[in-house]
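Subject: Structure handover

Hello,

Here is the structure for your files. Please open it alongside this note. My findings follow below.

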Amino acid sequence: MEKREFTITSETGIHARPATILVQAASKFSSDITLSYEGKSVNLKSIMGVMSLGVGQNAKVTIAANGDDEKEALDTVAETMKKEGLTD
Amino acid sequence: MSLLLDGLAASSGITIAPARLLVGSDLSIKKQHTADENHEVARLHDSFALSRTELQALSQQVHHRLGQRAVTIIDTQIAILDDPTLQNKIIDRINSHHDTAEWAVKKIEDYYLNIFEHKNDNDYLYARATALRDVTKRILSHLLNVPLPDPALLDHRAIFVADNITPTDTAQFNKRYVAGIVTTNGGRTSHFTIMSKTLALPAVVGVKNATTLIHDGDMLIVDGIHGKVIVDPTNDEIEHYRLLAGKFAQEQQKWGALKDKQTVSADGRRFEVAANVGTFADIIDAQEDGAEGIGLLRTEFLYMNREELPDEEQQFTAYKRFVAAMNQQHVVARTLDIGGDKKLGMVKLPREANPYLGFRAIRIGLARPEILRPQLRALLRSSVYGRLAIMFPMIATIEEFKQARAILDEEKDKLEKEGYQVAKNIEVGMMLEIPAVAVMAEHFAKYVDFFSIGSNDLVQYMFAVDRGNQEVAYLYQELHPAVLRMVRRVIEAAHAEGKWIGMCGEMASNPIAVPLLMAMGLDEFSMNSSQILRIRSLINQLSTRKLQPLVHRAINAETAANVRKLVEEYVPEVKI
């Protein structure tokens with residue numbers, strides 16, 4: 001299992017657009033990927049889950065991947081978050 | 001009996017066609033139980049599948065229009081449909097509560113909206129909730145067999161009537177059938193107005209209760225010249241407006257002949273009528289529409305839809321293309337103007353209580369030279385390919401202008417030392433959009449090569465009014481004697497120092513304002529290119545000398561309404 005922590009720096013948090021892009025990116029991998037925030041975990045391939053978390057600016061989140069392509073999956077997710085301006 | 005509705009003229013022209021309402025269909029449902037859960041689940045699957053097909057087609061269209069990388073609210077809706085979580089929750093509800101599919105959809109939508117709304121971060125709630133509401137609306141429309149209003153389905157000429165036209169709506173328009181637009185919301189200078197002008201569609205915005213007073217199929221006259229909408233017109237009215245529309249079209253025909261001539265008033269004074277452009281496609285329009293130059297090149301487009309700041313080379317390539325395309329006609333480039341209502345992903349800006357009064361435009365440029373310097377270098381390098389001028393937006397003080405100009409001179413020296421060619425005669429000016437600058441114009445005039453009056457912001461700041469706020473938009477009065485006095489003052493200040501002065505806000509293409517501006521001596525009028533020939537034709541017909549008494553009376557009038565009346569009486573040519 002791979003696990004990484006991120007701080008969301010974007011002013012609007014994970015709103016609908018970056019949530020869509022994150023889910024699209026995560027869905028390309030076979031590993032189970034979860035997003036955790038304030039004690040709750042959701043499937044990063046589920047947009048309803050991601051949007052329900054309501055991750056705002058300065059939130060500390062953990063993303064964990066478990067499966068054959070877990071490392072690659074986390075790299076891609078991290079890169080996507082940066083590209084979308086969610087993290088610095 | 002016909003019904004006359006008043007609004008704000010957003011885009012000129014007259015159109016007569018039936019109304020097509022773009023408003024929510026009746027998707028109300030009642031709590032109902034079923035004895036056949038499997039049937040309800042099957043209906044649910046069908047409605048998801050149909051919705052997905054529709055949205056995918058729509059997504060294709062939007063991507064085609066906005067580019068493959070544009071992820072829109074439609075993609076979010078597709079992601080919601082593709083997420084088994086939502087569908088499974090609805091199916092669970094059908095099975096456990098014996099709900100009909102519609103009722104289960106409604107309950108699960110409420111469940112999620114409740115979660116979304118209970119989060120404390122309210123800034124982006126709207127987007128998440130909207131995406132979910134839009135997609136459940138579509139699912140319900142299939143379950144209930146009620147069609148959703150879909151602008152793409154329009155198959156005959158009609159006038160769209162809506163509360164608001166969103167970018168997603170316009171992405172779906174079939175331009176062939178859209179005859180005009182009427183909206184209840186929207187100030188005169190909102191994004192939508194600019195867009196309808198670009199599409200050259202007659203449009204009237206801010207028409208109160210339009211979506212309740214107008215019904216699907218009602219015959220409408222949209223008078224985008226005077227900001228009026230007539231519902232169920234009488235035969236006489238239709239006749240009258242046909243004549244007017246014909247006259248307008250005739251005028252338009254005549255305008256074609258003006259393209260290759262200079263803009264000269266009846267008493268021989270030369271003016272320049274230029275275009276405001278934001279993309280290279282606009283340059284092509286500007287040339288076709290008879291622009292005598294580019295009075296405002298918005299450089300923001302280079303920074304949109306990308307993750308990093310464009311580097312000097314990328315900017316140079318783009319600017320060179322613009323400057324070269326206009327041959328020896330001048331191109332006035334404005335340095336990056338973000339902040340206020342314009343945000344960019346890659347430039348992190350602090351959250352502000354009053355963005356319009358905050359960190360924006362040249363204030364960002366001076367504080368973040370890593371943004372301004374490469375832009376200036378790229379502009380300077382492009383200067384050898386034509387006739388470039390550079391201006392800084394939102395200058396408030398002499399110090400700011402001197403500081404910006406010093407950075408420009410420094411980069412120019414550096415470039416020359418590095419062996420680059422830079423044109424010798426680049427004019428350096430500033431936007432005049434802050435009242436304090438207008439008051440101090442004679443001092444600024446010593447340091448600038450030219451001014452460009454940004455009337456939209458100037459009027460907003462003068463009247464302390466947000467032109468996008470419907471409640472107060474009426475206070476946005478560019479014809480007000482206060483504005484005329486200020487404009488006259490800055491024109492005189494510029495000319496006293498031998499500098500030229502233009503205007504690049506909406507006011508420059510307002511036919512009521514133009515006679516006054518030309519008589520006051522404004523040198524350059526810059527506008528959306530669809531308005532250029534109309535304004536050139538107007539200027540050609542008028543004599544600045546004969547207009548002087550009108551200017552005197554307008555400046556001394558008490559209200560904007562008085563000014564309008566005076567001009568309409570004195571200059572019958574502005575009527576069309």
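Chain A has an open sheet of four strands in the order E1-E4-E2-E3, with antiparallel pairing. Strands are DSSP runs of E with at least two residues, helices are runs of H or I with at least four, and both are numbered from the N terminus. Two strands pair if DSSP finds at least two bridges between them. Strand E1 (2-7) and strand E3 (40-43) of chain A are at the edges, each with a single partner strand, so one side of each has no neighbour in the sheet. From one strand to the next, the twist averages 25°. The axes behind such angles are lines fitted to C-alpha atoms, for helices over the stretch in contact, and angles run from 0 to 180 degrees between N-to-C directions.

Some background on the model. It is predicted: local features need pLDDT of at least 70, side-chain atom pairs count only at pLDDT 80 or more, and totals for chains, interfaces and linings use all residues. Residues are numbered from 1 along each chain as its sequence is written, while chains are lettered from A and ligands numbered from 1 in the order in which they are written.

Back to the sheet. Strand E2 (residues 32-37) of chain A runs antiparallel to E3(A), and four bridges join them. A:Tyr37 stands opposite A:Lys40 in E3(A).

Next, A:Ser46. This residue sits in the loop between E3 and helix H2 (47-53) of chain A. A:Ser46 is buried, because 23 other C-beta atoms lie within 10 Å. The cut-offs: buried takes 20 or more other C-beta atoms within 10 Å, exposed 12 or fewer, partly exposed in between, with C-beta atoms placed from the backbone. Leaving aside neighbours within four places in sequence, A:Ser46 is in contact with B:Asp83 and B:Thr85. Contact means C-beta atoms, placed from the backbone, within 7 Å.

The chain contact takes 23 residues from chain B and 20 residues from chain A. On the chain B side, helix H2 (73-82), helix H3 (84-97), helix H4 (101-117) and helix H5 (125-144) each supply at least two residues. H2(B) gives the largest share, five residues.

Chain B itself has 22 helices and 17 strands. Of its 576 residues, 45% are buried. Helix H20 (residues 532-541) of chain B is mostly covered, with eight of its ten residues buried. Among them are B:Ile532, B:Leu533 and B:Arg534. Their cover includes helix H9 (235-256) and strand E10 (270-277) of chain B.

Regards

Notes:
Two residues are in contact if their C-beta atoms, placed from the backbone, lie within 7 Å.
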